[in-house]
Amino acid sequence: MFEEGQLYAPVTADEDGKVTVHLADDHPGAKDAEYRRRRSEIAAPALAWQPGDPVPRVEYTDSENEIWRTVCRELAPKHERLAIRGFLEGKEALALPTDHVPQLDEVSAGLGPLSGFRLHPAAGLVPLDVFYGSLADGVFHSTQYLRHPSQPLYTPEPDILHEVVGHCNLLANPAIAEVKRRAGEAARRCETPEGLQYVADVFWFTIEFGVMYEDGELRAYGAGLLSSYGEIEEFRGADVRPVDFHQMATLEYDISHYQPILFACDGMSELTDRVGGFFAEFDDETPARLARGAA
């Protein structure tokens with residue numbers, strides 16, 4: 001997942017300190033020189049940022065604020081119809097602005113009293129061990145750029161809309177935030193790349209693309225679904241399976257397409273108790289143990 005995603009927009013700095021975001025050829029903004037310049041401009045302070053420094057603030061343009069407004073407006077009725085109650089409760093408690101892009105420190109100020117989480121700026125994708133391990137400390141790494149204006153309802157990579165509208169509304173729910181914190185603790189315990197990838201893959205099929213049966217209806221709780229204008233309408237047509245951690249961690253998937261296979265929790269308790277319990281007990285021996293059980 002990390003290697004595939006990194007191909008979309010790796011961030012580099014040359015000997016003179018010039019920061020460049022390199023967009024893939026099929027990225028919507030690849031041929032837009034101004035968009036590429038803006039992406040690099042936003043990435044540079046985040047790349048230089050160190051814990052303890054003030055979080056870089058971005059002066060968002062009218063165009064960027066319009067993208068935020070458009071996505072928030074289009075997603076709102078879909079959330080009411082298709083999101084789990086826990087997400088909707090978190091969304092109401094966090095009360096993000098819908099008319100402009102919030103600053104990361106403003107979102108942190110809202111999250112702190114609700115779940116203790118705070119945001120750190122990310123220039124692009126963060127290495128797996130850093131991203132997941134930081135969750136144990138109540139830290140979520142968030143990008144600050146927005147998707148290309150030609151396709152406001154689509155992004156091939158995680159932008160601030162995905163991070164804040166998808167993940168932070170979940171983090172505003174203390175029970176879901178605790179599952180994420182346990183995922184971070186699991187990542188911290190891993191001593192092998194294989195163990196860390198196992199945690200990341202289970203996270204993908206739960207926190208990123210998880211669904212849940214609630215009052216007899218299939219609803220979304222994964223941040224990837226909740227921040228996707230198109231995919232949130234399609235998930236009920238997927239091959240929906242019961243939670244199976246070994247399947248989640250060994251199933252091939254493509255991050256650039258709608259997910260054809262999803263795994264459903266049977267209510268919030270399966271997410272908090274079973275998925276949370278999996279992360280709480282995970283160590284490098286867990287994959288082999290689950291493989292033996294599957295066999």
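## Close-up views of a predicted model

**View 1. Ser-227 in its loop.** Ser-227 sits in the loop that runs between helix H10 (223–226) and strand E7 (239–242). The model shown here and in every other view is predicted. Ser-227 is buried, because its relative accessible area is 8%, under the 20% cut-off. Its side chain reaches back to the backbone oxygen of Ala-223, at 2.8 Å. Beyond the neighbours within four places in sequence, Ser-227 is in contact with Leu-75, Arg-147, Leu-161, His-162 and Gly-166.

**View 2. Gly-166 in helix H7.** Gly-166 is found in helix H7. Is Gly-166 buried or exposed? Gly-166 is buried, with a relative accessible area of 0%. Not counting residues up to four places away in sequence, Gly-166 touches Phe-87, Leu-161, Ala-223 and Ser-227. Phe-282 provides a reference point: Gly-166 and Phe-282 are 116 residues apart in sequence, and their C-alpha atoms are 25 Å apart in space.

**View 3. Glu-64 and its polar partners.** Glu-64 lies in helix H3 (residues 62–82). Its relative accessible area is 9%, so Glu-64 is buried. What does the side chain of Glu-64 join through a polar contact of 2.8 Å? The partner is the side chain of Arg-38. A polar atom of the Glu-64 side chain also lies 2.9 Å from the backbone nitrogen of Thr-61. Leaving out residues up to four places away in sequence, Glu-64 touches Arg-38, Ile-42, Glu-59, Val-101 and Leu-146. Arg-147 is 83 residues from Glu-64 along the chain, and the two C-alpha atoms are separated by 8.5 Å.

View 4. A pair of aromatic rings is described by the distance of the centres and the angle of the planes. The structure holds 11 aromatic pairs. In one of them, the rings of Tyr-132 and Phe-203 have centres 5.0 Å apart and planes at 75°, so the pair is edge-to-face. The pair links distant parts of the chain: Tyr-132 belongs to helix H6 (residues 128–135) and Phe-203 to helix H9 (residues 193–208), 71 residues apart. Both Tyr-132 and Phe-203 are buried. Helix H6 itself is largely enclosed by the rest of the structure, because 6 of its 8 residues are buried. Those buried residues of H6 are Leu-128, Phe-131, Tyr-132, Gly-133, Ser-134 and Leu-135.

**View 5. An aromatic cluster and two charges over rings.** One aromatic cluster is formed by Tyr-198, Phe-245, Phe-278, Phe-279 and Phe-282. Elsewhere, charged side chains sit over rings. Arg-39 lies over the face of Tyr-145, at 3.5 Å from the ring centre. The charged end of Lys-78 sits over the ring of Tyr-229, 4.4 Å from its centre.

**View 6. Helix H5 and its two sides.** How far apart are the end C-alpha atoms of helix H5 (residues 104–115)? They are 16 Å apart, which agrees with the 16 Å that its 12 residues should span at 1.5 Å a residue. The buried residues of H5 are Leu-104, Val-107, Ser-108, Leu-111 and Ser-115. These residues lie on the same side of H5, because they cover an arc of only 100° around the axis. An α-helix has 3.6 residues a turn, so residues three or four places apart point the same way. On the other side of H5, Ala-109 and Pro-113 are exposed. The cover over the buried residues of H5 includes helix H4 (85–94), strand E3 (118–121), strand E4 (139–142), helix H7 (160–171) and helix H8 (174–189). Just after H5, Gly-116 takes a positive phi of about 85°.

**View 7. Two loop residues with positive phi.** Most residues other than glycine have a negative phi. Ala-95 has a positive value, with phi near 50°. Ala-95 is found in the loop between H4 and H5. Its relative accessible area is 54%, so Ala-95 is exposed. Asp-215 also has a positive phi, near 55°. Where is Asp-215 found? Its place is the loop between strand E5 (211–214) and strand E6 (217–220). Asp-215 is exposed, because its relative accessible area is 68%, over the 50% cut-off.

Terms used
Residues are numbered from 1 along each chain as its sequence is written. This is a predicted model: local features need pLDDT of at least 70, side-chain atom pairs count only at pLDDT 80 or more; totals for chains, interfaces and linings use all residues. Side-chain values use heavy atoms; hydrogens and water are left out. Helices (H or I, at least four residues) and strands (E, at least two) are DSSP runs, numbered from the N terminus. Buried means under 20% relative accessible area, exposed over 50%, partly exposed in between (1.4 Å probe, protein chains only). A polar contact is a pair of N or O atoms within 3.5 Å; within protein, one must be able to donate a hydrogen and the other to accept it, and residues adjacent in sequence count only if both atoms are side-chain atoms. Contact means heavy atoms within 4.5 Å. Rings of Phe, Tyr and Trp (its six-membered ring) pair if their centres lie within 6.5 Å; planes under 30 degrees apart count as stacked, over 60 as edge-to-face and the rest as tilted. A charge sits over a ring if NZ of Lys or CZ of Arg is within 6 Å of the ring centre and within 35 degrees of the ring normal. The expected span of a helix is 1.5 Å times one less than its number of residues. The arc is that of the directions from the helix axis to the C-beta atoms.
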